[in-house]
Amino acid sequence: MADIQLTKDVYIPIFGLGTWQASDEELEKAVDCALEAGYRHIDTAYAYENEKVLGRVLRKWIDSGKIKREDLFIVTKLPEVGNRPSGVVKYLQRSLDNLGLPYVDLYLVHTPFGYHERGDDLHPMTDKGMIDIDLSTDHAAIWKAMEDQVIAGKARSIGISNFNEKQIERLWNCAERIKPSMLQVELHLYFQQKDLVNYCHSKNIKVCAYSPLGSRGSSQLLGKEIPDVLNNEVVKSIAKKHGKTPAQILLRHIIQRGIAAIPKSTNPQRILQNLQIFDFELSSEDMEKLNGQDQGKAGRILDFSFFKGVPSHPEYPF
Ligand code: NAP
């Protein structure tokens, strides 16, 4: 499997396992299955509330000698309730404790907007039923604390998620010691993020695609129908030509653009299937046809507006 270079010494496997919206029991089996199949990059977040389960499986693999810590690439994220300098220190340490690891390979600021902290509530609400947003979110101050975590050896690399180009530019300019090395954003056939990817690559910021298969499992959470990228006619005909599945074509399209992808699956067959994308290549004609399926901004699925009140935050990115 190919790697993408994030910093002088840090390489991220271009392909990883997403873990959002998996129950503990499902995740335990899925991570076992993924590690057995050869996955080494695993994406989690404090806010997914699954780091403990993931950590348990990783520990089992490391303690048994089946895998070395340095062969794994573990990504986790600062939650919205921790979006302030003191929160970076506190929530990274909590993630490390949950995972049972002394360091993560990549730590991301999950979103550019922040919430007030109320106990351990991940989504604190006001009495008006809105998310209790913290209007004072200060990216420059948060980033300094992120840099400190690398220097302290708790994160090998740092990056951002869900930031827009303007926010990245601002952060880039104020990042004095360590530049962000990765942007994780929604990216799939109908939302290809061409301008944002070009911008990031021009700054040597690497991109990781979340919801690379169109996040079909989120329709209940979002309370709306989600377009079925797996049923796209262009994808299906290219899949037929290569003897591959639509999911494999969608994932190959992303990695062939030099973008990492982290599809979530808890189904053993699909976990294996999703990884089988390194034994074929899409032609430039295939790539062009797939590029042509982009719907631009209209293709976005996850805009976080399902968290009521979030779009009023001054750093709401979309
Ligand atoms: P996704 O990976 O695009 O889609 C996952 C859905 O597709 C699940 O319902 C899964 O069901 C199904 N699936 C997986 N492989 C398949 C295949 N080969 N054929 C057909 N269906 C398949 O969506 P996602 O979970 O939204 O995104 C992936 C990961 O990105 C997340 O898990 C999370 O780690 C990360 N993420 C990050 C952010 C952020 O704000 N930074 C936001 C969203 C997601 P089964 O499990 O039943 O296979």
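Colleague: What makes strand E10 "mostly covered"?

Modeller: Five of the five residues of E10 (residues 182-186) are buried. Buried means under 20% relative accessible area, exposed means over 50%, and partly exposed is in between (1.4 Å probe, protein chains only). Keep in mind that this is a predicted model: local features need pLDDT of at least 70, side-chain atom pairs count only at pLDDT 80 or more, and totals for chains, interfaces and linings use all residues. Residues are numbered from 1 along each chain as its sequence is written, and side-chain values use heavy atoms, with hydrogens and water left out.

Colleague: What joins strand E9 to E10?

Modeller: Two bridges, with E9 (residues 158-161) and E10 running parallel. Strands are DSSP runs (E) of at least two residues and helices (H or I) of at least four, numbered from the N terminus.

Colleague: What makes E3 and E12 edge strands?

Modeller: The open sheet has eight strands in the order E3-E4-E5-E6-E9-E10-E11-E12, with parallel pairing. E3 (16-18) and E12 (260-261) each pair on one side only. For E3, the partner is strand E4 (residues 41-43), over three bridges, and Leu-17 stands opposite Ile-42 there.

Colleague: Which residues of H4 and H5 make the contact?

Modeller: His-139, Ala-140 and Trp-143 come from H4, and Gln-167, Arg-170, Leu-171 and Cys-174 from H5. Contact means heavy atoms within 4.5 Å.

Colleague: Why does Asn-232 count as buried?

Modeller: Its relative accessibility is 6%, which sits under the 20% limit, so Asn-232 is buried. Asn-232 is found in the loop between helix H7 (219-222) and helix H8 (233-242).

Colleague: What is Asn-232 in contact with, leaving aside its neighbours within four places in sequence?

Modeller: Leu-189, Tyr-190 and Gln-293. Gln-293 is 61 residues away along the chain, yet the two C-alpha atoms are separated by 8.9 Å.

How values were computed: Pairing = 2+ DSSP bridges.
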